[in-house]
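Please open the structure in your viewer and keep the selection panel at hand.

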Amino acid sequence: MEYKAPSSIDEAVALLAGANGNARVLAGGTDLLVQIRARFIKPPLVVDVKNIQELRTISSTDEGIRIGAAVSGAELGEHDVVQREWPGVVEAAELIGSTQIQGRASLGGNLCNASPAADTVPALVAAGAICLIAGPDGPRRAPVEQIATGPGQTSLKNGEFVVEFQFPRKSPHSGDAYLRFIPRTEMDIAVVGAGVSLTLDEAGVCKQARVSLGAVAPTVLLVEAAANALIGSRIDDQALDKLEAAASDACNPIDDKRGTVEFRVDVAGVLAKRAALIAKERAEVN
Ligand SMILES: Cc1cc2nc3c(=O)[nH]c(=O)nc-3n(C[C@H](O)[C@H](O)[C@H](O)COP(=O)(O)OP(=O)(O)OC[C@H]3O[C@@H](n4cnc5c(N)ncnc54)[C@H](O)[C@@H]3O)c2cc1C
């Protein structure tokens with residue numbers, strides 16, 4: 001196995017494109033190295049992207065925040081602006097593994113590993129984050145929800161990789177939140193995850209919302225019907241009941257030792273409702 005650590009995007013694209021789909025990007029390695037050591041995969045080339053400046057930087061401008069795809073969860077949690085504007089994304093990253101894992105694990109790796117149970121993905125989808133993707137045909141942008149196409153599968157083409165996540169500048173009276181259910185208190189895979197982002201108007205009426213669910217379908221879901229249940233309401237009991245029903249309705253989960261279909265469907269509604277209430281509380285003080 002060959003290991004390369006390019007320092008520019010162009011160099012990384014050339015290396016990946018030259019390997020005809022057989023190379024793997026390495027960010028924190030907390031998924032990739034486990035898969036290589038377990039002999040699930042045997043890539044002839046590993047391209048470490050951590051020396052590329054753009055993938056390791058967080059920047060905040062008038063337009064919004066950009067988070068490099070290889071920035072670790074620990075770095076994210078220490079960034080005041082990200083903490084203030086997207087607490088739901090930070091709390092999702094801070095649920096990953098342990099302190100040691102969070103020192104390595106990146107948003108790009110969590111997304112591109114394409115696990116339906118990846119914790120940061122529902123939070124990123126709820127936030128409306130957009131991926132900047134580099135590739136042999138030049139840069140392109142795609143919403144986070146369009147990257148995973150099934151368990152372990154992505155829409156990235158040969159030679160492409162995620163450079164950064166772009167977040168819109170947060171509007172006043174906005175809040176987001178992420179919650180997951182696991183059978184233990186930590187170090188476990190989400191049985192269900194729910195991300196909600198919303199904006200209230202001056203009168204406290206919800207004018208924008210995005211609701212996303214993880215671990216209840218082959219890919220993370222963006223549930224428009226659940227968001228529509230909130231929009232136009234004061235996020236009262238009636239709206240929350242509609243949101244709960246819409247979230248449960250959207251689920252198409254597997255049945256396994258960690259949770260039955262019935263349990264996952266039920267918990268998805270409950271978590272979406274609780275995440276919406278936390279997002280609302282955050283929006284009220286913003
Ligand atoms: C003990 C342990 C506990 C864990 N707990 C959790 C948990 O609670 N929740 C959770 O969601 N996950 C968990 N994970 C999984 C893992 O830590 C996360 O998915 C993490 O975010 C992966 O990021 P990484 O930077 O380590 O990715 P890597 O392992 O470097 O890469 C993962 C995959 O994404 C690809 N990739 C990486 N970066 C890019 C990029 N920029 N563009 C394109 N492709 C890319 C790689 O080629 C690889 O296929 C755990 C793992 C371990 C070992």
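How many aromatic pairs does a search of the whole structure find? The search finds two, where rings of Phe, Tyr and Trp (its six-membered ring) pair if their centres lie within 6.5 Å, and planes under 30 degrees apart count as stacked, over 60 as edge-to-face and the rest as tilted.

Before selecting them, note that this is a predicted model, in which local features need pLDDT of at least 70 and side-chain atom pairs count only at pLDDT 80 or more, while totals for chains, interfaces and linings use all residues. Residues are numbered from 1 along each chain as its sequence is written, and side-chain values use heavy atoms, with hydrogens and water left out.

**First stop: Trp86 and Phe167**

Select Trp86 and Phe167. Their ring centres are 5.7 Å apart and their planes stand at 40°, so this pair is tilted. Trp86 belongs to the loop between helix H4 (80-85) and helix H5 (87-93), and Phe167 to strand E10, so the pair ties together parts 81 residues apart in sequence. Helices (H or I, at least four residues) and strands (E, at least two) are DSSP runs, numbered from the N terminus. Both Trp86 and Phe167 are buried; buried means under 20% relative accessible area, exposed over 50%, and partly exposed in between (1.4 Å probe, protein chains only).

The charged end of Lys170 sits over the ring of Trp86, 4.0 Å from the ring centre. This term requires NZ of Lys or CZ of Arg within 6 Å of the ring centre and within 35 degrees of the ring normal. Select Asp176 as well: Asp176 forms a salt bridge with Lys170, with the closest N and O atoms 3.4 Å apart. A salt bridge is a side-chain nitrogen of Lys or Arg within 4 Å of a carboxyl oxygen of Asp or Glu. Asp176 and Lys170 are both buried.

**Second stop: Phe181 and Phe263**

The rings of Phe181 and Phe263 have centres 5.3 Å apart and planes at 70°, so the pair is edge-to-face. Phe181 lies in strand E11 (residues 174-181) and Phe263 in helix H11 (residues 261-284), so parts 82 residues apart in sequence are tied together. Phe181 is partly exposed, at 29% relative accessible area, and Phe263 is partly exposed at 32%.

The whole structure holds 17 salt bridges. Select Asp241 and Lys273, whose closest N and O atoms are 3.1 Å apart in one of these bridges. Asp241 lies in helix H10 (residues 237-250) and Lys273 in helix H11, so the bridge ties together parts 32 residues apart in sequence. Next, select Arg264 and Asp256, whose side chains meet in a salt bridge (3.1 Å, N to O). Arg264 is buried, with a relative accessible area of 3%, whereas Asp256 is partly exposed at 30%.

Where does Asn158 lie? Asn158 is in the loop between strand E9 (153-154) and strand E10 (161-168). Not counting residues up to four places away in sequence, Asn158 touches Leu16, Ala17, Asn20, Gly21 and Pro136, contact meaning heavy atoms within 4.5 Å. The C-alpha atoms of Asn158 and Asn20 are separated by 6.4 Å, although these residues are 138 residues apart along the chain.

**Last stop: Ala215**

Select Ala215, in the loop between strand E13 (206-214) and strand E14 (221-222). Ala215 is not a glycine, yet its phi is positive, about 70°. Most residues other than glycine have a negative phi. Ala215 is buried, with a relative accessible area of 11%.
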